[in-house]
Each structure stands twice: as structure tokens, then as C-alpha cells.
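Biologist: I would like to learn how to read a model like this one. Could you take me through some features, one at a time?

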Amino acid sequence: MTINTETIPKPLSFKEKIVDEFKKATALFLYFGVWFCSLAFLGETALDIRPIPLSIFWFTLIKAALCAKFMLVGQAIFPIKVNRQHGIVRSLFIESLFYLVVVLALNYFEAGLDGLIHGKNFFTSLAAFGQSNPLHVFALAIVYWLIVWPYLIFAGFKLSLGTPATLLILFGPKKSS
């Protein structure tokens, strides 16, 4: 009996695991950073604030970094699993709701922290998140879910097909240099 060694993944060394986690964290940070900066920019332009303060982008990048970190911690605690019987979408829907709760919790925490920075009570600022309007918070939750969902689908494809096949499907073959 022969074993095809190409199909058995080689265990990663500690250094390779660190590099892999750094790559995941960087990709997630950039993904969330683009989304959160875009939403912050949209919000500032909707309020017609001129000049647009650059500080909002720093806060959104910090939130993106924290969100990426919490997503990775969440994945370490509750690894993404794809059930081939249910497909990627059905398998990951409940997990997407878990990650949505993480993102919303971060936003509440950010509102409380922002209040502290501006000399307000943390819990009062926390309660004021989303203008204390449950419908507004629900609308934000939908937007945040739409941000998290494509990442989870991408992760599901990588689990199901492998990273090389997923990248090949999405970006085409690597160009020879």
C-alpha cells in the first residue's frame, strides 16, 4: 500500500504558523480597514463636515485591527467548519451571526471608549451607541453582517478547496516572472 504524500499536509513549524497567522491578521485588517474607513468616510460626507477629520480613520483602523484580532481569536475558539452535506452557505450562517455579535460588541465598546476620551461616562456613552435607537443598531448589524459574510464564505472556500485552488479561481493563475 502506498500513500500519496502530496495529499497529506505537512505539519507547519512554529515559525510557519506565526507567519501564517500574521498573514491572516494582515489580510483581515486590510479587509476590515477598507470597509470601516469607507463607512466612516461615507458618514462624514453625509454629515457634510469639512474638512473631514483624519482622526476618524485612525479610530476605524484601530477598530479594524481589533476586529481582525477578535475574528482570529473567535476562529481559534470556534474553528470554521464546513459540512459538505449542507454546503458552505448553510454551514457558515450561524457562525456569521456569532462573528456579527463580536463586531457589534466591539462597536459598543468603541462608543464607550470614545465617551471616556471626551470626558463622558463610559456606560452612558455605551448606551448611546446607534443613537440609542434599536432600529439604527439593527441597520448597522445588517451592514456589519454584510461585511463579515463574504470573509466567511472566502474562508469556507479555502477550507473546502484549499488555498491554492481558491486563489486560482478568484484571481487566475500566477503570472510567470
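Modeller: Gladly! Let us begin with a cut-off: a residue is buried under 20% relative accessible area, exposed over 50%, and partly exposed in between. Glu 21, with a relative accessible area of 37%, is therefore partly exposed. Keep in mind that this is a predicted model.

Biologist: Thanks. What does Glu 21 form with Lys 24?

Modeller: The general idea is that side chains of opposite charge can pair when their charged atoms come close. Here Lys 24 and Glu 21 make a salt bridge, with the closest N and O atoms 3.5 Å apart. Both residues belong to helix 1 and are three residues apart, about one turn of the helix.

Biologist: Which residues are linked with Lys 24 in a network of salt bridges?

Modeller: The network links Asp 20, Glu 21 and Lys 24. Lys 24 also bridges to Asp 20, where the closest N and O atoms are 3.8 Å apart.

Biologist: How many salt bridges does the structure hold?

Modeller: There are three. Besides the two at Lys 24, the side chains of Lys 63 and Glu 110 meet at 3.2 Å, N to O. Lys 63 sits in helix 2 (residues 55-77) and Glu 110 in helix 3, so this pair ties together parts that are 47 residues apart in sequence. Lys 63 is buried, at 12% relative accessible area, while Glu 110 counts as partly exposed at 24%.

Biologist: And which side chain of opposite charge is nearest to Glu 95?

Modeller: That is Lys 81, 6.8 Å away. Glu 95 is buried yet has no salt bridge. A salt bridge needs a side-chain nitrogen of Lys or Arg within 4 Å of a carboxyl oxygen of Asp or Glu. Glu 95 lies in helix 3 (residues 87-117). Leaving out residues up to four places away in sequence, Glu 95 touches Phe 78, Pro 79, Ile 80, Lys 81 and Leu 152.

Biologist: Is Glu 44 buried or exposed?

Modeller: Glu 44 counts as buried, at 12% relative accessibility. This residue of helix 1 is in contact with Ile 49, Arg 50, Ile 52, Pro 53 and Ile 56, neighbours within four places in sequence aside.

Biologist: Now helix packing: at what angle do helix 1 and helix 5 pack?

Modeller: Two packed helices are described by the angle between their axes and the distance between the axes. For helix 1 (residues 14-46) and helix 5 (residues 134-161), the angle is about 155° and the axes are 11 Å apart. Angles over 145 degrees count as roughly antiparallel, and these two helices are therefore roughly antiparallel to each other. Their crossing is right-handed. The residues making the contact include Trp 35 and Phe 36 of helix 1, and Ile 147 and Tyr 151 of helix 5.

Conventions. Residues numbered from 1 in each chain as written. Predicted model: local features only at pLDDT ≥ 70, side-chain atom pairs only at ≥ 80, totals over all residues. Heavy atoms only, no water. Helix = DSSP H or I, 4+ residues; strand = E, 2+ residues; numbered from the N terminus. Buried < 20%, exposed > 50% of the residue type's maximum accessible area, 1.4 Å probe, protein only. Lys, Arg positive; Asp, Glu negative; His and termini not counted. Contact = heavy atoms within 4.5 Å. Axes fitted to C-alpha atoms, helices over the stretch in contact; angles between N-to-C directions. Parallel < 35°, antiparallel > 145°, perpendicular 65-115°, else oblique. Left-handed = near helix turned anticlockwise from the far one by under 90°.
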